[in-house]
Amino acid sequence: MATRVHIQVRGIVQGVGFRPFVFSEANRHSLRGNVFNNTSGVLIDVEGEDADIAQFVERIKSNPPPRSVVDAVECTNHLGPAYYDTFRIIETNTAGQPIVSISSDIATCQDCLGELFDTANRRYRYPFINCTNCGPRFTIVEDVPYDRARTTMREFRMCDACREEYENPHDRRFHAEPTACHRCGPQLSLLSSNGRPVSGKPGEDALARARGLLQAGNVVAIKGIGGFHLACDAFDDEVISKLRRRKYREDKPFAIMAASIEEIRQHCYVSPEEECLLLSEFRPIVLLERLDTSQVPRSVAPGVNTLGFMLPYAPLQHLLLEGLGGPLVMTSANISDEPICYEDGDAFGRLSGIADFFLLHDRRIHVRSDDSVVRAYAGRAMMLRRSRGYAPAPIKTAFTFARQILACGAELKNTFCLTRDDHAFVSHHIGDLENLETFNSFKQGIEHFSRLFNIHPEVIAYDLHPEYLSTKYALSLDDNLTRVGIQHHHAHIASCMADNRIDGDVIGVAMDGLGFGSDGRLWGGEFFVANLVEASRIAHLDYVPMPGGAKAIRQPWRMAAVYLQRAMGDDYLKLDLPYVSELDHRQLNTLQRMAATGTNSPETSSIGRLFDAVASLLRVRNFVNYEGQAAIELESIADKECSAGYEFRISEDGRLLGAEPVIQRVVEDLLDGVSPAQVSAKFHIGVANLIASQARRIRGEHRLNRVALSGGVFQNMFLLRKTSQLLARDGFEVFTHSRVPPNDGGISLGQAAIANARIESGRI
Ligand code: ZN
Ligand code: ZN
Ligand code: FE
């Protein structure tokens with residue numbers, strides 16, 4: 001018997017080839033009716049035999065298109081007959097409330113790549129080729145529902161050939177919203193740094209000239225998918241130091257783009273997991289172990305043993321790198337820590353002193369999005385910066401959010417998060433909220449996400465730090481909203497729990513830079529018994545002063561002096577250590593007075609500051625040029641074969657963990673001529689042992705066996721591996737980060753999870 005059913009499909013089902021898939025499945029099952037995008041996803045209206053409809057629904061659930069994510073398939077039966085005679089695809093319905101998910105930007109697919117290099121294809125060497133399975137999405141979407149008229153592609157009128165493909169349900173480009181070709185789509189142009197066109201003809205000329213300029217040692221600003229890159233020859237030491245000088249970026253590693261996996265293997269060790277990450281459609285920057293034989297100059301990534309590689313993800317990048325003979329530095333186009341440039345005018349304004357040339361195109365970028373950064377750990381991805389390719393796809397949570405929440409995140413590496421149902425829409429990487437431009441980007445981002453995902457938050461979660469711009473923003477909002485202040489390290493632990501979809505009580509270990517504590521001091525070496533509602537602090541690194549406040553973060557020698565004085569007494573100035581002889585004793589004395597009187601010396605329990613102190617004592621670094629640099633370089637010199645570790649002092653009540661004995665042993669070893677590689681390793685292992693012993697003690701008292709590891713210090717792979725090994729050997733179940741970063745980029749997810757749990761438990 002023939003029946004008629006409405007099938008509402010929810011999830012990421014727009015811009016991913018869903019309707020053509022429905023069309024061919026409907027034909028296969030002899031169904032009649034239609035399909036269209038609506039504001040909830042895709043709505044299918046079908047008539048046919050019961051059994052055929054059942055099979056059809058089964059296919060939608062079990063075998064949807066590769067880029068789609070089906071969250072729900074809801075059927076409405078008992079409809080009156082419509083007597084359809086065929087199956088058709090209908091244009092987007094604009095009524096109702098837009099609540100669809102928008103796909104992330106997707107790397108160029110194999111089919112498109114084939115056409116890009118096929119001399120017979122009409123899109124041969126077209127730098128903006130794309131189809132339903134690939135191309136820009138999130139970065140060009142201005143509004144929902146997703147169709148061409150609401151993207152920046154609306155400025156390009158399709159030619160007849162493109163329109164024919166676009167309207168043909170059997171074509172790979174059926175409703176590929178950004179589709180384009182040489183005749184009708186975006187074009188390249190090459191300009192000098194003062195904005196004058198370089199080549200006579202746009203297009204292929206511009207591309208060929210840009211390649212030549214790169215090979216000749218120039219810095220070229222290249223407009224990409226989520227913003228501009230600054231590109232240069234990755235083998236050319238001279239242009240790299242020129243770029244560093246102009247960009248005010250002394251040491252922070254640059255990312256590199258290579259044409260193929262084979263090329264990357266000439267410079268780095270690539271495991272099967274890492275290969276998967278490099279080749280995935282997200283195309284992140286993957287941090288890889290550098291080979292000694294690599295010819296990439298050290299100036300690309302000074303002081304570290306890793307290189308950040310990525311593969312091309314846009315057709316323009318494939319064309320640029322093809323046959324170039326070597327990789328390109330491809331770093332975010334900005335000065336210092338400002339947000340990445342994404343608009344042409346702004347790019348000329350900000351980059352004209354950095355780039356020698358500009359390779360532009362005339363497709364507008366609506367939302368800026370940096371390249372994502374990941375690492376392979378324990379057989380899966382560990383996100384370090386979650387942005388292009390991943391955002392704005394939601395993080396699915398194990399629970400359903402009772403209310404719509406906006407979590408404002410932290411200050412550094414900021415992301416925000418909006419919630420609905422079991423979705424946490426964690427934003428792309430916003431950056432460090434220290435300047436106006438980043439703060440504007442944060443506010444615009446929140447507005448854009450609210451509109452795209454139709455979320456109107458009633459609850460605002462924020463960090464306790466009164467000086468964070470994200471906190472000030474939260475406090476400045478409408479009075480009718482419910483506000484929830486959340487302790488930074490509790491948010492870290494909750495973020496790790498939500499990342500792993502776990503609930504209940506855990507042993508929470510937060511090893512971090514700095515976060516505002518509930519006692520008003522700066523925390524960062526914390527052991528909790530925590531759940532999503534609350535966290536009780538069981539033990540922490542003993543407080544030490546941070547003379548000079550923020551200055552002590554940029555100048556690790558200050559923390560070294562504080563710890564030396566604590567461990568060795570006032571006589572530490574007589575020690576025969578290079579650290580002591582190289583520093584100005586007057587300065588050290590002033591510092592000591594500041595610390596003793598508490599003048600501009602906030603107290604901290606941060607383990608990040610202890611890493612700084614040890615790095616300075618080992619003469620790794622007295623001053624840092626980017627966040628975490630001293631600790632990162634301390635890790636990279638550690639002898640990974642070492643197995644001995646220093647021991648911390650534990651107070652009688654077990655609450656305070658003192659580093660004095662660690663510093664005493666560091667000094668002894670240095671005086672005995674033990675190598676910095678050994679000392680660094682023994683320090684790392686000492687910290688891992690401390691974490692394991694605290695976890696055992698808390699297990700004994702609280703009967704908990706699950707440990708959640710979070711905080712920026714767990715980006716340190718040597719520490720993370722050692723700690724996880726020790727905990728696993730002791731029978732603990734260990735949870736680490738994967739979908740969101742262990743650093744402050746994950747804070748917004750943790751805040752949202754805690755706010756929700758407090759709502760559910762009636763605390764709000
Ligand atoms: Zn494609
Ligand atoms: Zn065309
Ligand atoms: Fe943090």
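In this predicted model, strand β23 (residues 506-516) is largely enclosed by the rest of the structure, because 10 of its 11 residues are buried. Strand β23 has pairing partners in β24 and in β30.

**Strand β23 and its partners**

- Strand β24 (residues 522-530) runs antiparallel to β23, and 8 bridges join the two.
- One residue pair to look up is V509 with F527, its bridge partner in β24.
- The hairpin of β23 and β24 has 5 residues between the strands, and there G520 adopts a positive phi near 85°.
- With strand β30 (residues 706-710), β23 pairs in the parallel sense, over 4 bridges.
- For G508, the bridge partner in β30 is A708.

- Distant parts of the chain are linked here: H492 belongs to helix α13 (residues 488-499), while D744 lies in the loop between β31 (733-735) and α23 (747-760), 252 residues apart.
- Both H492 and D744 are buried.

**The zinc site**

- The zinc ion (ligand 2) is held by the SG atoms of C159, C162, C181 and C184, at 2.2 to 2.3 Å.
- Why is the arrangement around the zinc ion (ligand 2) tetrahedral? The 4 donor atoms subtend angles of 104 to 115°, and four donors count as tetrahedral if all angles lie between 85 and 135 degrees.
- For reference, the ideal angle at a metal with four tetrahedral donors is 109.5 degrees.
- The donors of the zinc ion (ligand 2) show the spacing C-x2-C-x18-C-x2-C along the chain.
- Within this set, C162 in helix α4 (residues 160-167) and C181 in the loop between α4 and β6 (188-192) are 19 residues apart.
- Are these two cysteines buried or exposed? C162 is buried, with a relative accessible area of 0%, and C181 also counts as buried, at 2% relative accessibility.

**The second largest pocket**

- The second largest pocket holds about 510 Å³ of space.
- Its lining has 25 residues, and V69, F282, Y390, A393 and P394 are those nearest the centre of this pocket.
- Elements giving two or more residues to this lining are β4 (69-76), β16 (380-385) and β17 (395-396).
- Sorted by class, the lining of the second largest pocket has 11 nonpolar, 7 polar and 7 charged residues.

**The cavities**

- How many cavities of 30 Å³ or more are there? The count comes to 7.
- The largest cavity has about 110 Å³ of space, and P127, I225, A314, P315 and R363 lie nearest its centre among 19 lining residues.
- That lining of the largest cavity comprises 12 nonpolar, 5 polar and 2 charged residues.
- The second largest cavity has a volume of about 80 Å³; of its 14 lining residues, G15, V16, G17, R19 and H175 are nearest the centre.
- Helix α1 (residues 18-28) gives the most to the lining of the second largest cavity, with 3 residues.
- By class, 6 nonpolar, 6 polar and 2 charged residues line the second largest cavity.

Note on methods: Residues are numbered from 1 along each chain as its sequence is written. Chains are lettered from A and ligands numbered from 1 in the order in which they are written. This is a predicted model: local features need pLDDT of at least 70, side-chain atom pairs count only at pLDDT 80 or more; totals for chains, interfaces and linings use all residues. Side-chain values use heavy atoms; hydrogens and water are left out. Buried means under 20% relative accessible area, exposed over 50%, partly exposed in between (1.4 Å probe, protein chains only). Donors are N, O and S atoms within 2.8 Å of the metal (3.2 Å for Na, K and Ca); water is not among the atoms, so sites may look incomplete. Four donors count as tetrahedral if all angles lie between 85 and 135 degrees; four count as square planar and six as octahedral if opposite donors are over 155 degrees apart and all others between 65 and 115; anything else is irregular. Two strands pair if DSSP finds at least two bridges between them. On a 1 Å grid over the protein atoms alone, a cavity is a set of points where a 1.4 Å probe fits but cannot get out, and a pocket is an open set with protein on both sides within 12 Å along at least five of seven lines; lining residues have an atom within 4 Å of a point. Grid points are joined across faces, edges and corners, and a volume is the space filled by probe spheres set on the points. Ala, Val, Leu, Ile, Met, Phe, Trp, Tyr, Cys and Pro count as nonpolar, Asp, Glu, Lys and Arg as charged, and the others, Gly among them, as polar.
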